[in-house]
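Subject: Handing over the model

Hello,

Here is the structure I promised to pass on to you. Please open it alongside this email, and the notes below will walk you through what I found.

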Amino acid sequence: MKSKKLVDGVILFSFKDRREMTLSFCRMQEFYESPNPRLFRKKFTMAEFLTETIKENGKIDYFSYWSGFNVPGNIVNDWWILHGPDVSAEEQAIFNELHRHKIDFTEPFYIIGALEGDKRVVRHEIAHGLYTTNESYRRLMQSCTMFLNFHEPKIYKKMEKKLLKMGYNQEVRSEEHTSELQSPMYL
């Protein structure tokens, strides 16, 4: 694993293989936005994670499904408070790198993970990071979302359904589109 500060508060973790990337991020990611209520914002071990994600045929598609990961700093902090004593070597390496980059854990920050050289995924994950760490970017994206919802509600609903079908948690999706989107300035 390599890490690099991309912009203020956004740290990219790049990996040679999907296995290491997923082992490093899976518990934090599922704590953040799992549609599974036994994982979402709960303390769970790797064994419990595997039990919840393994299919009846024994397959664990999770390790080949996601091409990148993103977790906001407040969630990283909450996850660490619950799991700190029981982290894997891969998870500990992420926290070591955050300290090496001198991340201020009291300020907004974002961690993203992608495979080395996967520029498309990195660009996508950076957008998540900027949404949390850059107020101007967040307002612009909220305006775009509100515009789409207002002027093309069928497309908006279709996109929303697709995200939920892909395994995104409804509550997390809603967190990104709440009070400011309902403000008159966006209507």
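Arg138 has its place in helix H7 (residues 135-151); helices (H or I, at least four residues) and strands (E, at least two) are DSSP runs, numbered from the N terminus. With a relative accessibility of 16%, Arg138 counts as buried, where buried means under 20% relative accessible area, exposed over 50% and partly exposed in between (1.4 Å probe, protein chains only). Leaving aside residues up to four places away in sequence, Arg138 touches Tyr131, Thr132 and Thr133; contact here means heavy atoms within 4.5 Å. Between the C-alpha atoms of Arg138 and Gly68, which are 70 residues apart along the chain, there are 21 Å.

A word on what you are looking at: this is a predicted model, in which local features need pLDDT of at least 70 and side-chain atom pairs count only at pLDDT 80 or more, while totals for chains, interfaces and linings use all residues. Residues are numbered from 1 along each chain as its sequence is written, and side-chain values use heavy atoms, with hydrogens and water left out.

Now to the sheet. It is an open one of 4 strands in the order E1-E2-E4-E3, and its pairing is mixed; two strands pair if DSSP finds at least two bridges between them. Strand E1 (2-7) and E3 are the edge strands, each pairing on one side only. From one strand to the next, the twist averages 20°. Helix H1 packs on this sheet, where it touches strand E2 (10-15), E3 and E4, and its direction makes about 40° with that of E3. Angles run from 0 to 180 degrees between N-to-C directions, and axes are lines fitted to C-alpha atoms, for helices over the stretch in contact. Helix H5 lies across E1, E2 and E4, and runs at about 135° to E2.

E2 and E4, in contrast, run parallel and are joined by 6 bridges; Ser14 has Ala114 in E4 as its bridge partner. E3 (residues 68-72) and E4 (residues 110-115) are again antiparallel, over 5 bridges. Here Gly68 has Ala114 as its partner in E4, and Phe69 stands opposite Gly113.

How many residues of E2 are buried? The count is 6 of the 6, so E2 is largely enclosed by the rest of the structure. Val10, Leu12 and Ser14 point one way from this strand and Ile11, Phe13 and Phe15 the other way, all of them buried. E3 is likewise largely enclosed, because 5 of its 5 residues are buried. Both of its faces are covered, with Gly68, Asn70 and Pro72 buried on one side and Phe69 and Val71 on the other.

Next come the helices. H1 (residues 18-33) and H5 (residues 89-100) pack at an angle of about 85°, with 7 Å between their axes. They are therefore roughly perpendicular to each other; angles under 35 degrees count as roughly parallel, over 145 as roughly antiparallel, 65 to 115 as roughly perpendicular and the rest as oblique. Leu23, Ser24, Phe25, Arg27 and Met28 in H1 meet Glu90, Glu91, Ile94 and Phe95 in H5. By class, this contact has 5 nonpolar, 1 polar and 3 charged residues (Ala, Val, Leu, Ile, Met, Phe, Trp, Tyr, Cys and Pro count as nonpolar, Asp, Glu, Lys and Arg as charged, and the others, Gly among them, as polar).

H4 (residues 73-83) packs with H5 at an angle of about 125°, and their axes are 13 Å apart. That makes H4 oblique to H5. On the H4 side, Val76, Trp79 and Trp80 meet Glu91, Gln92, Phe95 and Leu98 in H5. The residues of this contact divide into 5 nonpolar, 1 polar and 1 charged.

Enjoy exploring it!

Best wishes
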